[in-house]
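Subject: Structure handover

Hello,

I am passing this structure on to you. Please open it first, then read my notes below.

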Amino acid sequence: MNSFGLKNETFSDSQLGINGPNTYWNLSPSALIEKTITLGQGKITSSGALTVDTGKFTGRSPQDRFIVIDDITENKVDWGTTNKEISPDHYDKLYNKVIKYMNTREDIYVRDAYACANTNYRLNVRVVTEFPWQNLFAHNMFLRPDNNAKEEFQHDWLVYSFPGCLADAEQDGTRQENFAVINFTKKTIIIGGTAYTGEIKKGIFSALNFLLPTESGVFPMHCSANVGKKGDTALFFGLSGTGKTTLSTDPDRKLIGDDEHGWSKGSVFNFEGGCYAKTIDLSENREPQIYKAIRFGAMLENINFKDEDNRVVDYTNSEKTQNTRVSYPIGHIDNIVFNSRGDIPQNIFFLTCDAFGVLPPLSKLNTEQAMYYFLLGYTAKIAGTEAGINEPQATFSACFGLPFLPLPPTEYAKLLGEKLEKGSSRDDKKINVWLINTGWSGGEYGKGSRIDLVYTRSMIQAALNGHLDDAEFVTEPFFNLSIPTSCPDVPNGMLNPRNTWPNESEYDAKAKVLQDLFAKNFEKYKSFTNV
């Protein structure tokens with residue numbers, strides 16, 4: 001056994017259970033990319049990025065995520081289909097299986113990293129991986145200690161990710177051979193049977209979603225965040241496909257982060273040091289900053305080439321998956337906040353892709369409505385994107401991130417309500433909350449048309465610049481939403497969705513369908529007295 005790379009020399013490999021493999025600590029991106037290519041596990045694209053295939057799993061497997069039930073978690077975790085329990089004994093069996101498998105490898109890779117840009121809440125995370133490109137992902141996505149910090153690094157949490165280690169469902173208490181298990185007592189996450197790298201980052205995000213509210217009163221959020229030239233912070237919540245990354249990556253505003261943040265007493269701070277963006281249908285024209293970020297050091301997952309010889313990526317190709325991805329350090333974006341922190345937000349945007357075509361493209365929410373739509377976490381799947389979906393299908397993910405919430409969703413909604421009531425730190429201003437429909441107008445999917453990104457950007461800019469502060473608003477009848485009667489650079493006629501449909505009675509019928517779906521989904525939260 002040999003160790004290579006920069007590490008804390010007072011910490012032995014054996015403390016990680018390593019006994020046999022060569023251990024590569026904190027290798028540079030160049031070295032990890034070189035090893036990946038040498039092993040035949042990846043290729044360099046024409047833009048200089050590495051591309052890899054994650055195998056059988058091209059996305060997370062929420063049904064195979066478990067939390068160890070013990071004294072810490074038993075009475076706090078919201079147990080059920082989202083948070084599936086596993087016993088300490090089954091965890092120990094799986095952990096030992098991972099360690100045993102790890103020690104059959106010739107080489108393994110260790111990464112020392114941080115989570116949380118606010119040092120008051122920072123977690124030291126040590127990630128041990130089977131493949132070099134998994135380690136590159138960890139380098140890209142977590143905050144990166146300097147060399148001095150690496151020489152003194154002691155971990156708070158450990159992550160083991162070994163795709164080749166398979167569970168025996170009957171013996172190990174899992175559903176099938178793949179697993180991702182969080183143990184809050186041992187501060188360890190074990191991942192096996194899947195090479196999808198998102199399991200690594202979302203494991204730590206889930207841990208923070210438990211630790212920060214219960215230990216520090218910090219509100220953890222599945223959102224992107226940016227800062228304007230006047231220092232005003234904005235948050236963007238939204239499920240996949242709603243435009244969260246696209247709309248927060250704005251050349252006129254500095255990016256704090258694109259996915260995971262905390263809201264403490266005095267600031268908003270990024271949990272991460274990189275971005276993990278979807279690349280399906282990516283174009284330089286529509287998303288220039290993300291497109292330009294895909295260069296050497298970035299890692300693409302599960303893409304296809306349109307020119308194999310020259311390794312030119314086909315971003316429209318979804319043969320392997322709709323969930324094609326790229327990870328890159330946040331510094332690949334030109335316009336960023338270098339300390340990854342901002343003030344308390346002045347504007348919050350809830351993004352929804354409404355394929356029913358009935359929600360307004362822009363509406364303003366009061367605190368009660370904000371908590372309501374936060375708990376709903378609504379968007380809609382589009383007909384044809386999945387087998388068996390022939391018409392728009394409503395999707396609800398509480399707090400815009402249900403798969404990552406160990407606590408009951410109402411706990412996070414309470415935190416949101418408390419933060420909104422306290423207001424902004426800038427001139428004691430009230431925090432504005434907006435609901436933005438990035439989906440359809442003039443009819444449902446297949447009949448109407450997708451709201452133009454140019455108009456969506458104009459609406460967001462108007463909200464950010466204060467141009468809607470004195471606007472006249474009207475209340476629509478189905479969802480009780482406040483709609484501005486005008487907005488700079490947006491046709492007035494499209495602001496009220498009912499007016500865009502050729503047949504108003506058809507709009508009313510479809511709006512009633514969505515209204516009923518909202519009410520049905522909210523039944524489980526009716527006892528939540530704050531809404």
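Helix α3 is mostly covered, with 10 of its 10 residues buried. Note that this is a predicted model. The buried residues of α3 are Pro132, Trp133, Gln134, Asn135, Leu136, Phe137, Ala138, His139, Asn140 and Met141.

Next, the packing. Two packed helices are described by the angle between their axes and the distance between the axes. Here the pair is α3 (residues 132-141) and α6 (residues 198-216). Their axes come within 9 Å and cross at roughly 45°. The two helices are therefore oblique to each other. The crossing of α3 past α6 is right-handed. On the α3 side, the contact is made by Gln134, Phe137 and Met141. On the α6 side, Gly198, Ile200 and Lys201 make the contact. By type, the residues of this contact are 3 nonpolar, 2 polar and 1 charged.

**Ser458**

Now to another site. Ser458 sits in helix α11 (residues 453-464). Is Ser458 buried or exposed? Ser458 counts as buried, because its relative accessibility is 15% and the cut-off for buried is under 20%.

The side chain of Ser458 has a polar atom 3.0 Å from the backbone oxygen of Val454. An α-helix has 3.6 residues a turn, so residues three or four places apart point the same way.

What does Ser458 contact, leaving aside its neighbours within four places in sequence? Ser458 is in contact with Cys487, Pro488, Asp489 and Val490.

Best wishes

Definitions and conventions:
Residues numbered from 1 in each chain as written. Predicted model: local features only at pLDDT ≥ 70, side-chain atom pairs only at ≥ 80, totals over all residues. Heavy atoms only, no water. Axes fitted to C-alpha atoms, helices over the stretch in contact; angles between N-to-C directions. Helix = DSSP H or I, 4+ residues; strand = E, 2+ residues; numbered from the N terminus. Parallel < 35°, antiparallel > 145°, perpendicular 65-115°, else oblique. Left-handed = near helix turned anticlockwise from the far one by under 90°. Contact = heavy atoms within 4.5 Å. Nonpolar A, V, L, I, M, F, W, Y, C, P; charged D, E, K, R; others polar. Buried < 20%, exposed > 50% of the residue type's maximum accessible area, 1.4 Å probe, protein only. Polar contact = N/O pair within 3.5 Å; in protein donor to acceptor, adjacent residues only side chain to side chain.
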